[in-house]
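Keep the model open while reading.

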Amino acid sequence: MSEASWTAAPGAPLRGEVRVPGDKSVSHRAIMLASIADGTSRIDGFLEGEDARATEAIFRSLGAGIEAPEPGVRIVHGVGIDGLRRADGPLDCGNAGTGMRLLAGLLAGQAFDSTLIGDASLSKRPMRRVTGPLAAMGARIETGAGGTPPLRIHGGQALRGIEFDNTLASAQVKSSLLLAGLYADGETVVHEPRPTRDYTERMLAAFGWPVDFAPGLARLRGGYRLQATDVRVPADFSSAAFFLVAASIVPGSDLLLHRVGMNPRRTGLLHVLRLMGADIVESKVGEEGGEPVADLRVRHAPLRGIDVPEQHVPDMIDEFPALFIAAACAAGVTRVTGAEELRVKESDRIATMAAGLRALGVAIEEAPDGAHIAGRADGFAGGGVHSHGDHRIAMSFAIAGQRARGPVIIDDTANVATSFPGFVPMAKAAGFGLRED
């Protein structure tokens, strides 16, 4: 993927109505479970981003029949729990850490060998957090040096259920083990130190697999089958987060976001922004595809620095780059602790955000598990920042440009297409000053 850049500068107050793309986590899982279900499933609201499309391409190569009659719609002809077949070559996950970690579990139970590869960013990310417990279930998976991709998965292994106490609060680890548990003898149980997102559990239940789950615990047994179902993917809260923060900090903003996914394990940022003084109101609360949804109206409000409660950290791990921008515009100091997972995302998000904020005149002190950010009433200085190929970093600094005293040049923005295709035109239509260079 070639490098690209943006120039962000103050535009207009954010106004109007926006529907951000479909939830990436739900899109991944819908393709996976529909492909191994009995029958034909329809997915509406599928994210047309490169990460989700990479997962779609992988399941096509594994034998699932997938049609795309129109953008955002997929018709998946499932091959059943044991119907996948060996692909002709390596399976390319692109930039999708979720895709690779979940596939490691699902493919560990197949009768054939598979190799998972990814792009330069994904190839640096840690995989032993899933390959270790999968090995305890009987899987045979080889990693690259240092426990990173590629993953070479040896098929034909007899998997057995385990009871796993995860030291990480990671929905990806939990989901990988549960997907392996579909093919395992006995019961697979995952305990977590803090509750994490329960997309996999909710979707397994929607496809008819018996699964018990509660905050911090999930369990299932092997030996059942998945039944095709229709899935409506809600708008992605992580994508909505950029507009929630931007409208909160840009004076005069009044923006309505439609049908945003409100999974309680995903909306930590909403709670934290409200603690900081944000004006965000929910309406039309309902459910789509087994997931809670709501319209969100956000209006500009003065923010104040806070100590971010650690109980919200696992529920907003992808939204911290946007939160750092909000904190830089808040009165006082915002302190983040307990977020060491940020060090091993698409980039080291603590270090990358700290470097970018300093380049824009913000005082920030890094910690191993977070940062202290001193807010500035006058916003940001102009300057140049580098996203290091991290889509959420790039979009967060596009927000910063809306409160900057000079242009903010953001380098390496091509990867935004992995999670939020069409971000630039949607942001400009809402009022952002943003240009692709």
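Ser114 has Ile153 in strand 9 as its bridge partner. Strand 7 (residues 114-117) and strand 9 (residues 151-154) run antiparallel and pair over three bridges. Strands here are DSSP runs of E, at least two residues long, and helices are runs of H or I, at least four residues long, both numbered from the N terminus. Two strands count as paired if DSSP finds at least two bridges between them.

This is a predicted model, in which local features need pLDDT of at least 70, side-chain atom pairs count only at pLDDT 80 or more, and totals for chains, interfaces and linings use all residues. Numbering starts from 1 along each chain as its sequence is written, and side-chain values use heavy atoms, with hydrogens and water left out.

- Four strands form an open sheet in the order 6-7-9-8, with mixed pairing.
- Strand 6 (91-92) and strand 8 (140-142) are the edge strands. Each has a single partner strand, so one side of each lacks a neighbour in the sheet.

**Helix 6**
- Helix 6 covers residues 199-206. Its buried residues (under 20% relative accessible area, with a 1.4 Å probe and protein chains only) include Tyr199, Thr200, Glu201, Met203 and Leu204.
- Gly208 follows helix 6, and its phi is positive, near 90°.

**Salt bridges**
- A salt bridge is a side-chain nitrogen of Lys or Arg within 4 Å of a carboxyl oxygen of Asp or Glu. By this rule there are 31 salt bridges.
- Arg202 bridges to Asp198, with the closest N and O atoms 3.0 Å apart. Asp198 is buried, at 10% relative accessible area.
- Asp295 forms a salt bridge with Arg259, and their closest N and O atoms are 3.8 Å apart. This pair links distant parts of the chain: Asp295 lies in strand 17 (residues 291-299) and Arg259 in strand 15 (residues 254-261), 36 residues apart. Both Asp295 and Arg259 are buried.
- Arg335 pairs with Asp307 in a salt bridge, the closest N and O atoms being 3.1 Å apart. This pair also links distant parts of the chain, 28 residues apart. Arg335 sits in strand 18 (residues 333-336), and Asp307 in the loop between strand 17 and helix 9 (320-328). Arg335 is partly exposed, at 36% relative accessibility.
- A network of salt bridges links Arg197, Asp318, Glu319, Arg349, Asp390 and Arg392.

Note on methods. Buried means under 20% relative accessible area, exposed over 50%, partly exposed in between (1.4 Å probe, protein chains only).
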